[in-house]
Amino acid sequence: MSAATDTLPREAAVGGSRRLILDTAARLLRAGGYHQTTLRDIAEAVGIRKASLYHHFASKEEIVEAVVNDGVRFVHETVVAALAATETAPPPQRLEAAIIAHLTALHGQRDYTTASFRVFTLGATPVPESVRAARRAYEDVWRGLITELQAAGALPRERSPDLMRYMILGAMNGSIDWFRPGRFAIAEVAQEFSALILARW
């Protein structure tokens with residue numbers, strides 16, 4: 001796949017203003033986090049009055065919730081599509097495809113995905129149930145894939161599926177801190193990660 005970018009295609013016509021607000025909020029949240037990003041900051045960066053934000057969102061928390069859920073959704077949908085495209089492939093190949101998809105979405109929508117990590121537990125209010133549900137749904141994709149790998153003998157059955165999932169997702173999401181296009185290719189990182197996960201020590 002092509003090198004990841006930090007931009008998201010702008011929506012035209014219907015919904016464009018709402019998407020522009022979310023794009024802007026994601027960029028600001030990525031840079032400054034929850035507490036440093038205000039509604040005034042978002043409105044000024046979009047080029048509208050603060051009061052105009054309320055035509056689209058009831059509060060800052062609602063904007064943050066939408067950004068976080070979009071960050072998870074972009075990755076979830078990309079991985080599900082990759083697994084559907086490799087439905088008949090051997091489980092190790094499906095693992096590599098899922099890792100490529102996760103990393104591609106993670107870095108291709110970097111404002112959203114980074115923001116979703118940084119604001120998930122930093123707000124003044126409890127994490128919304130919609131955010132928890134979105135994350136659980138995505139983790140279920142990996143639960144299924146790990147079960148498949150263990151059933152095929154690609155991963156030891158005696159290893160904890162939950163700990164395996166935490167390790168894989170943690171390693172991939174940690175690449176936010178060190179991955180740079182040109183330094184590494186996503187396909188190469190995915191191949192190395194797959195080899196390490198499936199290695200017989």
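Q: Are helix 3 and helix 4 roughly parallel or roughly antiparallel to each other?
A: This is a predicted model, in which local features need pLDDT of at least 70 and side-chain atom pairs count only at pLDDT 80 or more, whereas totals for chains, interfaces and linings use all residues. Residues are numbered from 1 along each chain as its sequence is written, and side-chain values use heavy atoms, with hydrogens and water left out. Helix 3 (60–85) and helix 4 (91–108), numbered from the N terminus as DSSP runs of H or I with at least four residues, pack at an angle of about 150 degrees with their axes 8 Å apart, the axes being lines fitted to C-alpha atoms over the stretch in contact and the angle running from 0 to 180 degrees between N-to-C directions. Because angles under 35 degrees count as roughly parallel, over 145 as roughly antiparallel, 65 to 115 as roughly perpendicular and the rest as oblique, helix 3 and helix 4 are roughly antiparallel.

Q: How many nonpolar residues does the contact of helix 3 with helix 4 have?
A: Helix 3 contributes Phe-74, Val-75, Thr-78, Val-79, Ala-82 and Leu-83 to the contact (heavy atoms within 4.5 Å), while helix 4 contributes Arg-94, Ala-97, Ala-98, Ala-101, His-102, Ala-105 and Leu-106. If Ala, Val, Leu, Ile, Met, Phe, Trp, Tyr, Cys and Pro count as nonpolar, Asp, Glu, Lys and Arg as charged, and the others, Gly among them, as polar, the contact has one charged and two polar residues, and its nonpolar residues number 10.

Q: Which orientation do helix 3 and helix 5 have to each other?
A: The axes of helix 3 and helix 5 lie 8 Å apart, at an angle of about 120 degrees. The residues in contact include Gly-71, Phe-74 and Val-75 of helix 3 and Tyr-112, Ser-116 and Val-119 of helix 5. From that angle, the orientation of helix 3 and helix 5 is therefore oblique.

Q: How many charged residues does the contact of helix 6 with helix 7 have?
A: Helix 6 (residues 129–151) and helix 7 (residues 161–174) have axes that come within 10 Å and cross at roughly 120 degrees, and the two helices are therefore oblique to each other. Among the residues making the contact are Glu-139, Trp-142 and Arg-143 of helix 6, together with Asp-162, Arg-165 and Leu-169 of helix 7. By class, the contact has eight nonpolar residues and one polar residue, and its charged residues number four.

Q: Which helix supplies the largest share of the lining of the largest pocket?
A: Helix 3, helix 4, helix 5 (110–119), helix 6 and helix 7 each supply at least two residues of this lining. By class, the lining has seven nonpolar, six polar and two charged residues. The largest share, four residues, comes from helix 7.
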